[in-house]
Amino acid sequence: SGQVRGLCGTFNGDQRDEFTTPEGDVEPGVAAFANAFRAAGACPALGPGIPDPCDGFPGSRERAEAACAVLVGPAFQ
């Protein structure tokens with residue numbers, strides 16, 4: 001606790017700084033925050049609306065939801 005910073009947040013109990021960029025700025029939205037970690041040229045920048053990742057992989061929603069359940073489960077609360 002209090003020793004991490006990155007795409008998984010700061011894990012310090014203060015949700016106001018969860019979107020802290022590598023430069024130390026706190027972004028107000030998900031897209032700007034994610035784009036701060038994007039490797040130049042590796043993938044397109046996110047727009048203001050976040051696309052549903054399952055739309056690109058039909059038939060994978062059930063598997064994705066099961067995997068994501070770990071992130072919203074007791075281990076990360």
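## Overall fold

Among contacts in the chain between residues at least 6 apart in sequence, 7% link residues at least 24 apart, where a contact means heavy atoms within 4.5 Å. This is a predicted model, in which local features need pLDDT of at least 70 and side-chain atom pairs count only at pLDDT 80 or more, while totals for chains, interfaces and linings use all residues. Residues are numbered from 1 along each chain as its sequence is written, and side-chain values use heavy atoms, with hydrogens and water left out.

The chain has two helices and zero strands; helices (H or I, at least four residues) and strands (E, at least two) are DSSP runs, numbered from the N terminus. Along the principal axes, the C-alpha atoms fill a box of roughly 40 × 35 × 20 Å.

## The annotated region

UniProt, in an unreviewed entry, places the feature "domain: VWFD" at residues 1-44. Over residues 1-44 the chain is 16% helix and 0% strand, with the end C-alpha atoms 32 Å apart.

Now to Phe 11, which sits in the segment before helix H1 (30-36). Phe 11 is not a glycine, yet has a positive phi of about 50 degrees. Most residues other than glycine have a negative phi. Phe 11 is also exposed, at 52% relative accessible area.

## Surface and burial

Of the 77 residues of the chain, 14% count as buried (buried is under 20% relative accessible area, exposed over 50%, partly exposed in between; 1.4 Å probe, protein chains only). The chain exposes about 6,000 Å², with carbon and sulfur atoms supplying 59% of it.

A nonpolar surface patch is formed by Val 70, Leu 71, Val 72 and Phe 76, with about 440 Å² of accessible area together. Val 72 belongs to the segment after helix H2 (61-71) and is exposed, with a relative accessible area of 62%.

## Salt bridges

The count comes to two salt bridges, each a side-chain nitrogen of Lys or Arg within 4 Å of a carboxyl oxygen of Asp or Glu. One joins Arg 16 and Asp 14 (2.9 Å, N to O); Arg 16 is exposed at 71%, whereas Asp 14 is partly exposed at 25%.

Arg 61 and Glu 65 also meet in a salt bridge (3.8 Å, N to O). Both lie in helix H2, four residues apart, about one turn of the helix. Arg 61 is partly exposed at 37%, and Glu 65 is partly exposed at 47%.

How values were computed
Patch = residues over 30% accessible without salt bridge, like charges linked within 9 Å, V, L, I, M, F, W, Y side chains within 5 Å. Areas by Shrake-Rupley, 256 points an atom, 1.4 Å probe, with all protein chains shown as cover. UniProt positions renumbered as here; feature names shortened; annotations may be inferred.
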